Amino acid sequence: MLWTVIMAASAIAAAEPVLELDFTKGELPPNTVSAISKKFQDTYDRQKFVKDGNEYALFCGGKSQYGHFTMTDHLPFKADAPFTVTCWFRPRGGWSIPVIYYRSGWNSRDGFSIMQSGPQLHLRIGKEHVISSDKPNPLQKNTRYFVTVSWDGKVWKMTLNGREFTGKKNPPFILPPAQIKFHVGGYNIHTNNVFEGTIRKVRIYDRALSLKEIHAMLGNEIGELGQE
């Protein structure tokens, strides 16, 4: 299967992340802890990492969505400061499941989450989907995707495999309380809202990356991974 979108790398200097969660070595990155749904904490028998090409990926989901995800409190976010979050993931299905979750409650005004609902991806703030991917181009199961979400202090943007989406509403970014962790692939061990699929890498940058920079990242990664 070929990549959904193939972009050539631009000849610009690569941006440096302030935090990287790299699961491709088949182990948890530093400052990251594992979380398993309470229903299966004593009996969970699924792999936490699976092969993804020549590398590994974090395996989320499991039995009826209950499964394994990770979280960290080693965060570079600052109030009123721009940022970009990038994530390589491979969906297997599911509804109202978080790829990234950084907020103090499901409908809280603080933070943000990147949610998958069936064939679409959403940037969710408060109760609303502020930005959504394109309905005529649904997410395909078992296909790699590269999503980015950025906040420049005024406008939210989301890209999916290099295609940029913007919303009509731009609520402010409100920094969650200090004790709130940054979740990858889930948000609560007591629910079945665990991402169904795998996640390779998550990176956080301390500025809003340009579309040109995002295309360069996408092109470089595709060059390293090759075609499927």
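Is Asn161 buried or exposed in this structure? Asn161 is buried, because its relative accessible area is 2%, where buried means under 20% relative accessible area, exposed means over 50%, and partly exposed lies in between (1.4 Å probe, protein chains only). This is a predicted model, in which local features need pLDDT of at least 70 and side-chain atom pairs count only at pLDDT 80 or more, while totals for chains, interfaces and linings use all residues. Residues are numbered from 1 along each chain as its sequence is written, and side-chain values use heavy atoms, with hydrogens and water left out.

**Residues with positive phi**
- Asn161, which is not a glycine, has a positive phi near 50°, and its place is the loop between β13 (156–160) and β14 (163–166), where strands are DSSP runs of E with at least two residues, numbered from the N terminus.
- Ser96 is likewise not a glycine and has a positive phi of about 50°; it sits in the loop between β7 (83–93) and β8 (97–102).
- Ser96 counts as partly exposed because its relative accessible area is 33%.

**A buried serine**
- Ser37 belongs to the loop between β2 (33–36) and β3 (49–52), and it counts as buried because its relative accessibility is 0%.
- Leaving aside residues up to four places away in sequence, Ser37 touches Tyr66, Gly67, Ile189, Thr191 and Val194, where contact means heavy atoms within 4.5 Å.

**Cysteines**
- With a disulfide taken as a pair of cysteine sulfur atoms within 2.5 Å, the count comes to 0 disulfides.
- Cys60 is in no disulfide, and the nearest cysteine sulfur, that of Cys87, is 9.0 Å away.
- Cys60 counts as buried because its relative accessibility is 0%, and Cys87 counts as buried at 0% relative accessibility.

Note on methods:
Helices (H or I, at least four residues) and strands (E, at least two) are DSSP runs, numbered from the N terminus.
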